[in-house]
Structures are given as structure tokens and as C-alpha cells.
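Reader: I've got a model open and I'd like to learn how to read its surface features. Could you walk me through them?

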Amino acid sequence: SLLGKHWKELGKEAKAPYQEQAAADKERYRKEMADYNAKIGTADDQAVSRTAEVPPVKDTSKVPTKPLANKTPTQKKRKIELSGGPKNL
């Protein structure tokens, strides 16, 4: 991108104010998150463990979105073959 190209061309002195601001914002965010977690009674390690216990999402990519009842026999066979189901109907 044009902006990325210009950023790469900037020297260290020109980048310094932006990098300082980014570091200050990062520290502010860290403090605000610590305050928030303390307010709701959640430690950082508890938040991580909570997300680790979430069960995986079921793969629904092969689940038919419409019922097969309204399909012709050829459409039903094709739908089942695409879903990896039985090959002979």
C-alpha cells in the first residue's frame, strides 16, 4: 500500500513520535485491561483458561441447508455424494 511504502521510507527520527505514542497506548491498554479484569473479578490466567475450555465448533459445511424431501431422486443422490455420504441409493 502507499501508506506502507511511505512508512518504510521514513527514517528513525521521523518514526520516533509515532512509535512512542504506540508504546504509550499499549501500556494504557494493558493497565485498562488489568483494571477491567480486577473489576469483574477475573485474573489474566483465568481468562486464558476460560477460553481454552471452549469446545470446538462442529463442522457444518457438509450439513444440508435445505431438506432433501423436496428434491428429485437425482438431486438427492448428488447432494448425498457431495456430502461424502453413501454412494448408492
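Reader: Let's start with Met33. Where is Met33 found?

Author: Keep in mind that this is a predicted model. Met33 is found in helix H2.

Reader: And is Met33 buried, exposed or something in between?

Author: The general idea is that buried means under 20% relative accessible area and exposed means over 50%, with partly exposed in between. Met33 has a relative accessible area of 33%, so Met33 counts as partly exposed.

Reader: OK, on to charges. How many salt bridges does a search of the whole structure find?

Author: The idea is simple: look for a side-chain nitrogen of Lys or Arg within 4 Å of a carboxyl oxygen of Asp or Glu. Searching the whole structure that way turns up three.

Reader: Take Asp25, then. Which residue does Asp25 form a salt bridge with?

Author: Arg28 is the partner, and the closest N and O atoms are 3.9 Å apart. That is within 4 Å, so the pair counts. Both residues sit in helix H2, which covers residues 12-40, and they are three residues apart, about one turn of the helix.

Reader: What other residue does Arg28 meet in a salt bridge?

Author: Glu32, with an N to O distance of 3.1 Å. Arg28 and Glu32 are four residues apart in helix H2, again about one turn of the helix. Glu32 has a relative accessible area of 44%, so Glu32 is partly exposed too.

Reader: What links Asp25, Arg28 and Glu32?

Author: A network of salt bridges joins the three. You can trace it on screen from Asp25 to Arg28, then from Arg28 to Glu32.

Reader: And which residue does Glu27 pair with?

Author: Glu27 forms a salt bridge with Arg30, where the closest N and O atoms are 2.7 Å apart. Those two also lie in helix H2, three residues apart, about one turn of the helix. Glu27 comes out at 33% relative accessible area, partly exposed, and Arg30 at 47%, partly exposed as well.

Methods. Residues numbered from 1 in each chain as written. Predicted model: local features only at pLDDT ≥ 70, side-chain atom pairs only at ≥ 80, totals over all residues. Heavy atoms only, no water. Buried < 20%, exposed > 50% of the residue type's maximum accessible area, 1.4 Å probe, protein only.
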